[in-house]
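Let's take a walk around the ligand site and then look at the aromatic rings. Have the model open while you read.

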Amino acid sequence: MRTVYVNGDYLPETEARVSIFDRGFLMADGVYEVTSVLGGKLIDFEGHAKRLQRSLGELDMPSPVDPGELLEIHRELVTRNDLEDGMIYLQITRGAPEDRDFAFPDPATTPATIVLFTQSKPGLADSPAAKKGIKVISIEDIRWGRRDIKTVQLLYPSMGKMMAKKAGADDAWMVEDGMVTEGTSNNAYIVKGNRIITRALSNDILHGITRAAVLRFAREAQMEVEERSFSIDEAKQADEAFITSASTFVMPVVEIDGVALGDGVPGRVSQRLREIYIDESRKAAV
Ligand code: PDD
């Protein structure tokens, strides 16, 4: 049985409790982070901790923990759960006021709820999907306008994933005003020759922590990086495509809306970036 963390306590998962009045449950009034673990160490922890602070700040939620405590809790969960490879999920909500009310409760009387739990994924870095590549479909992006905040409002991304499954694909790329925003739970890229193209940062997409690292490694490896929007038609004609996220690292995309990219197998640039990202991240893991 897993040990989870709830509001200051480490508990067996069956004993962990959150109130039915919690605003995360009633209103999706909460933020989250996902940090991967490889070889018992945290990947890109500092980036995730910084983005968490930003998400909380944008929603006027005080942080229930400081960054030092946050690292300690993550490490303690790795130890207590013997986690070798997998993910740590962290959720912070605006807590559980006595009455349901649209107005935010006073944080002085309603403390935030903080929950962390682990998910084990042995062999996370050698996923078979990375060798085959994944298939994506395109769907309309009908999410709200602050996608830069990592909130727990994940209903549309879940629906998108189901639309992909129904169509025999693995994931969906969302499209707004004719241009790809991002994947249901990842950032989207295309490759033309030695050039990597990905949408520029704005409120339209999540500022991926993996994205920041991958673009840095790409530039260091003398690859060209172009941060601009692209359409699904441009993507279908690209040499390669891939996605990035904390749980998939760099994952090649081999088909978009039924159209195979290049030879229909993971491309050279995507594979190389995946290798570099995993190697460098393992070295820097804490
Ligand atoms: N998803 N875009 C969206 C909409 C995401 O949900 C995610 C992460 C990303 C990539 O961000 P990062 O590289 O920091 O993981 C982009 C996580 C993994 C999830 O919801 O499980």
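## Around the ligand

The ligand has 19 residues around it, and Y32, R51, E182, I209 and T210 come nearest (a residue counts if one of its heavy atoms lies within 4 Å). Keep in mind that this is a predicted model, where local features need pLDDT of at least 70, side-chain atom pairs count only at pLDDT 80 or more, and totals for chains, interfaces and linings use all residues. Residues are numbered from 1 along each chain as its sequence is written, and side-chain values use heavy atoms, with hydrogens and water left out.

Now for the polar contacts (pairs of N or O atoms within 3.5 Å). Y32 puts a polar side-chain atom 2.5 Å from a ligand oxygen, while E182 has one 2.6 Å from a ligand nitrogen. At I209, a polar backbone atom sits 2.8 Å from an oxygen atom of the ligand. The protein buries 92% of the 480 Å² that the ligand exposes when taken alone (Shrake-Rupley areas, 1.4 Å probe).

## Where the shell comes from

Domain 1 (3–125) and domain 2 (128–284) each give the shell at least three residues; the bounds come from an automatic or database domain assignment.

## Aromatic rings

There are 6 aromatic pairs in the structure (ring centres within 6.5 Å; planes under 30 degrees apart count as stacked, over 60 as edge-to-face and the rest as tilted). Y189 and F242 make a stacked one, 4.4 Å centre to centre with 10° between the planes. Both Y189 and F242 are buried (under 20% relative accessible area, 1.4 Å probe, protein chains only). Elsewhere, F217, F249 and Y277 form one aromatic cluster.

Definitions and conventions: Polar contact = N/O pair within 3.5 Å; in protein donor to acceptor, adjacent residues only side chain to side chain. Buried < 20%, exposed > 50% of the residue type's maximum accessible area, 1.4 Å probe, protein only.
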